[in-house]
Amino acid sequence: VGGLPVLGKESAKVTIIEFSDYQCPFCGRFFTQTEGTLKTEYIDKGLVKFYYRDFPLSQIHPGAQKAAEAARCAGDQGKYWEYHDLIFQNQQTIF
């Protein structure tokens, strides 16, 4: 999975790779309705490794590519997941 952002323990037996677009309303719904439970019930308990892969659909979401680039820049500063969460928490106002 290369240099993708990851949550969870390396020893987890299950790996999930989310292909996502920061501007996509369905991806936003996954963040608000599912990702938190996935994190507390599986990732935080060491059962799952969770990778995030940028998959911007620029044809219909013109801001998604720049949001993905900004998230990677935040990652270079050790703040990837904080930025990821902020984008999805404020998706309606950002886009």
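Cys27 is buried, with a relative accessible area of 13%. Buried here means under 20% relative accessible area, exposed over 50%, and partly exposed in between (1.4 Å probe, protein chains only). Cys24 is buried too, at a relative accessible area of 9%. The model is predicted: local features need pLDDT of at least 70, side-chain atom pairs count only at pLDDT 80 or more, and totals for chains, interfaces and linings use all residues. Residues are numbered from 1 along each chain as its sequence is written, and side-chain values use heavy atoms, with hydrogens and water left out.

The structure holds 0 disulfides. A disulfide is counted as a pair of cysteine sulfur atoms within 2.5 Å. The closest cysteine sulfur to that of Cys24 belongs to Cys27, 3.4 Å away, which is too far for a bond. Cys27 is therefore in no disulfide.

An open sheet is formed by 3 strands, in the order β1-β3-β2, with mixed pairing. Strands (E, at least two residues) and helices (H or I, at least four) are DSSP runs, numbered from the N terminus. Two strands pair if DSSP finds at least two bridges between them. β1 (6-7) and β2 (14-20) stand at the edges, each with a single partner strand, so one side of each lacks a neighbour in the sheet. β2 runs parallel to β3 (residues 48-54), joined by 7 bridges. Ser20 has Asp54 in β3 as its bridge partner.

Helix α1 (residues 25-43) lies across β1, β2 and β3. The helix runs at about 155 degrees to β3. Axes are lines fitted to C-alpha atoms, for helices over the stretch in contact (heavy atoms within 4.5 Å). Angles run from 0 to 180 degrees between N-to-C directions.
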